[in-house]
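Have a look at the model below before reading on.

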Amino acid sequence: MKKVFHKILSVLMAFVVLFTTLSFTVDMHYCGDSLVDFSVFTKAESCGMEKAQPAKSCENPSMTEKDCCTDQQFVKEGNQDLKTSFDKLTFEQQTFVATFFYTYINRFEGLDENIVPFKDYSPPFVEREIQTLYETYLI
């Protein structure tokens, strides 16, 4: 159960690192107040209304109608400074890391052979079974 939990946690942390470093852009095209097109990886397609040029009025040639289409773009920049350099650590921090690493590695170092201290001694000879003789039993 512990190994499964560690694997799930490591995959979850990998996804967190992936999504915090990921940059993406969302393009949206609005025609008036309604959303016409939405795109994450490519530019949003327009509805074609901005191509139709409004006719200029004969009375006032400088006045034109305002275009009803708008494009909006949302940009999410990813975090790029994840790697901490070992040179930026102080001497005390470097000493702590080196000591911790050394003790952690040596913690799991096993013995070359199994040492049994009572291997050469035989158990004592039982002349009588004292518990059955006095009828004292541990419950």
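Predicted model: local features only at pLDDT ≥ 70, side-chain atom pairs only at ≥ 80, totals over all residues.

Three of them form an open sheet, arranged in the order 2-1-3, and the pairing is antiparallel. Which strands sit at the edges? They are strand 2, covering 34-39, and strand 3, covering 69-76, and each of these pairs on one side only. Going from one strand to the next, the twist averages 20°.

Now zoom in on strand 1, which spans residues 24-31. Strand 1 and strand 3 run antiparallel, and eight bridges join them. To find one of these on screen, pick Phe24: its bridge partner in strand 3 is Lys76.

**The cysteines**

How many disulfides does the structure hold? The count is zero. A disulfide, by the way, is a covalent bond between the sulfur atoms of two cysteines.

Take Cys31: the nearest cysteine sulfur belongs to Cys69 and lies 3.6 Å away, and Cys31 is in no disulfide. What about Cys68? Its closest cysteine sulfur is the one in Cys31, at 3.8 Å, and that is too far for a bond. The cut-off used here is 2.5 Å, so a pair of sulfurs has to be within that distance to count.

| Cysteine | Relative accessible area | Class |
|---|---|---|
| Cys31 | 16% | buried |
| Cys68 | 36% | partly exposed |

Cys31 counts as buried because its relative accessible area, 16%, is under the 20% limit.

Note on methods
Residues numbered from 1 in each chain as written. Heavy atoms only, no water. Buried < 20%, exposed > 50% of the residue type's maximum accessible area, 1.4 Å probe, protein only. Pairing = 2+ DSSP bridges. Helix = DSSP H or I, 4+ residues; strand = E, 2+ residues; numbered from the N terminus. Axes fitted to C-alpha atoms, helices over the stretch in contact; angles between N-to-C directions.
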